[in-house]
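Trainee: Hi, could you walk me through this model? I'd like to start with the fold and then get to the side chains.

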Amino acid sequence: MGAFPIYDMPPQPTWHKGPAVFIGDAVHATSPNAGQGASMALEDAMMLTKCIRDIDDLELAFTTFRSLRHERVERIVRYSRTLGQRKYASNRVQAFFRDTMMPLFLKSANKDSHGWMYDYRIDWEERVLKNAGASR
């Protein structure tokens, strides 16, 4: 089995145009290292639905959606990229040490250190305000 290059999508300034809205990998694709691609798409779908539900003006709903999601998805993209860079070994000695030490690092990892990513919840009952995320 060969190795294939993996790339992140550069940050996209536009997440919607007219009545079309991009979510998930269509707008913030990330490497598979953090295993968060599907989760981000589902979070996007739920947040977009809340924005459309709570904001009558679609243009404003779409802009608010991007404001609410942008910081989180970019953080996950950066984190995933960092994980991928740590896994890369350019020679056999590096690969040996990576493969030998990785189980030890994983066992000693702080289980709570990834709460920002894995414990994220969207409260369906909470209303989205028209200016939500505008200062971000």
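Mentor: Happy to; we'll go from the overall layout to the core, the surface and the salt bridges.
Mentor: Two notes before that. This is a predicted model, so local features need pLDDT of at least 70 and side-chain atom pairs count only at pLDDT 80 or more, while totals for chains, interfaces and linings use all residues. Residues are numbered from 1 along each chain as its sequence is written, and side-chain values use heavy atoms, with hydrogens and water left out.

Trainee: Got it. How many helices and strands are in the chain?
Mentor: Five helices and two strands. Here helices (H or I, at least four residues) and strands (E, at least two) are DSSP runs, numbered from the N terminus. Starting at that end, the order is β-β-α-α-α-α-α.

Trainee: And what percentage of the residues in the chain is buried?
Mentor: Of the 136 residues, 31% are buried. Buried means under 20% relative accessible area, exposed over 50%, and partly exposed in between, with a 1.4 Å probe and protein chains only.

Trainee: What about contacts between residues at least 6 apart in sequence?
Mentor: Among those, 69% join residues at least 24 apart. A contact is heavy atoms within 4.5 Å.

Trainee: Now the core. Which residues have the most contacts inside the largest one?
Mentor: Met-47, Cys-51, Phe-65, Leu-68 and Val-128, in a nonpolar core of 20 residues. Helices α2 and α3 (58-87) each supply at least two of its residues, and the largest share, eight residues, comes from α3. By nonpolar core I mean a set of buried Ala, Val, Leu, Ile, Met, Phe, Trp, Tyr and Cys residues joined through side-chain atoms within 4.5 Å.

Trainee: What does Phe-65 touch?
Mentor: Leaving out residues up to four places away in sequence, its contacts are Trp-15, Val-21, Phe-22, Ile-23, Asp-44, Met-47, Leu-48 and Cys-51.

Trainee: Let's switch to the surface. Which residues make the nonpolar patch?
Mentor: Val-93, Phe-96, Phe-97, Met-101 and Leu-104, covering about 500 Å². Patch residues have over 30% relative accessible area and no salt bridge; like charges are joined within 9 Å, nonpolar side chains (Val, Leu, Ile, Met, Phe, Trp, Tyr) within 5 Å. Areas come from the Shrake-Rupley method with a 1.4 Å probe, and for residues only the protein chains shown count as cover.

Trainee: Is Phe-96 buried or exposed there?
Mentor: Exposed, because its relative accessibility is 51%. Phe-96 sits in helix α4 (residues 92-108).

Trainee: Last topic: how many salt bridges does the structure hold?
Mentor: Five, where a salt bridge is a side-chain nitrogen of Lys or Arg within 4 Å of a carboxyl oxygen of Asp or Glu. One of them pairs Glu-43 with Arg-69, with the closest N and O atoms 3.0 Å apart. That pair links distant parts of the chain, Glu-43 in helix α2 and Arg-69 in helix α3, 26 residues apart.

Trainee: Why does Arg-69 count as buried?
Mentor: Because its relative accessibility is 0%. Arg-69 also meets Asp-44 in a salt bridge, at 2.6 Å from N to O.

Trainee: And which residue does Arg-127 pair with?
Mentor: Asp-54, at 3.0 Å from N to O. Arg-127 lies in the segment after α5 (115-118) and Asp-54 in helix α2, so the bridge ties together parts 73 residues apart in sequence. Arg-127 is exposed at 52%, whereas Asp-54 is buried at 14% relative accessible area.
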